[in-house]
Amino acid sequence: ATSVSNIAPEPKVSFTFDDGLDSVITHAAPTLAKYGFPGTSYVIADCPGTQGTCNANPDATYMNWEQILQIRDKYGWEIGAHSLTHPVFSKLTENEQDHELSKSKKILAEHGVDARAFATPYGDYNHRTLALAAKYYESHRGFWDRGLNRWPYNDYLLSVQQVQAGVSVEQVQRYIDSAIVNRQWLVLVFHDIKDVPSDNPDDFEYGTGDLDSIASYVKQRDVRVTTVSDGLITSSGDKIFG
């Protein structure tokens, strides 16, 4: 027999964080932990432990491998892949895209991470990207595919709501309310979490206090919080009766 999870639509929320910045462990994970919530961190495989050399943001500091494993083991987070070097995928050849996908999965595996979820850098992809991603990962999440996810989900075109400067706590609360009313899956995308964030949306920063307020509201509304992979419809078992 087989057992299937998430077989009916339900409201749920996922907190996702791109790039693997060190604020995930210093700010995001402890904030969500206050409410018992996990998150999903999409890590750039070439960047852990670096400062000043990562293609995504040379000015940023990235979690090292020990910290990446800590957010998984201590805080219950999922670790996903965000490519090898953070390129613009649509400008790559098919072989180059395949290398970014396969090599990132391999490096993560070498450090003890079985990455099941993938997010394209800049939310940029083409039809080749989605086909190749399916060879290595169970899901794909972009950045510009805005909205909430209706059941049954498209695992390789997950919709999101961006959260950075200019997006108020009240706006995110409305997303949450909509997910509850319509029994949808809200996937939130953050980058850098800071106590005093930039007010420029292009810096992709968000305040620790505002993240706390969002998590508090989710707890208050009693919505299920899930990692991306746990939010997908999955089955287990050796066979299905037919």
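Me: Helices (H or I, at least four residues) and strands (E, at least two) are DSSP runs, numbered from the N terminus; in which part of the chain is Phe204 found?

Reply: Phe204 is found in the loop between strand 9 (192–194) and strand 10 (205–207). The model is a predicted one, in which local features need pLDDT of at least 70 and side-chain atom pairs count only at pLDDT 80 or more, while totals for chains, interfaces and linings use all residues. Residues are numbered from 1 along each chain as its sequence is written, and side-chain values use heavy atoms, with hydrogens and water left out.

Me: Why is Phe204 called partly exposed?

Reply: Buried means under 20% relative accessible area and exposed means over 50%, with partly exposed in between (1.4 Å probe, protein chains only). Phe204 has a relative accessible area of 25%, so it falls in the middle class. Its phi is near 55°, a positive value in a residue other than glycine.

Me: How do you know whether Gln161 is buried or exposed?

Reply: Its relative accessibility is 11%, which is under the 20% limit, so Gln161 counts as buried. Gln161 is found in strand 7 (residues 158–162), and, leaving aside its neighbours within four places in sequence, it is in contact (heavy atoms within 4.5 Å) with residues including Arg146, Tyr175, Leu186 and Leu188. In the loop between strand 6 (139–146) and strand 7 lies Pro152, and the peptide bond from Trp151 to Pro152 is cis, with omega near 0°.

Me: What makes Leu132 count as buried, and which residues does it touch?

Reply: Leu132 has 7% relative accessibility, again under 20%, and therefore counts as buried. Leu132 is found in helix 4 (residues 127–136) and touches Glu94, Gln97, Asp98 and Leu101, not counting residues up to four places away in sequence.

Me: What is the largest nonpolar core made of?

Reply: A nonpolar core is a set of buried Ala, Val, Leu, Ile, Met, Phe, Trp, Tyr and Cys residues joined through side-chain atoms within 4.5 Å. The largest such core has 51 residues, and those with the most contacts inside it include Phe17, Ile71, Trp77 and Phe190. A second, separate core of twelve residues includes Tyr42, Phe143, Val160 and Leu232.

Me: Why is the protein called as compact as a globular protein of its length?

Reply: The protein has seven helices and twelve strands. The radius of gyration is taken over C-alpha atoms, and the globule rule is 2.2 Å times the number of residues to the power 0.38. For 242 residues the rule gives 18 Å, and the protein has 17 Å, close to that value, so it is as compact as a globular protein of that length. Of these 242 residues, 52% count as buried, and along its principal axes the C-alpha trace spans about 55 × 40 × 30 Å.
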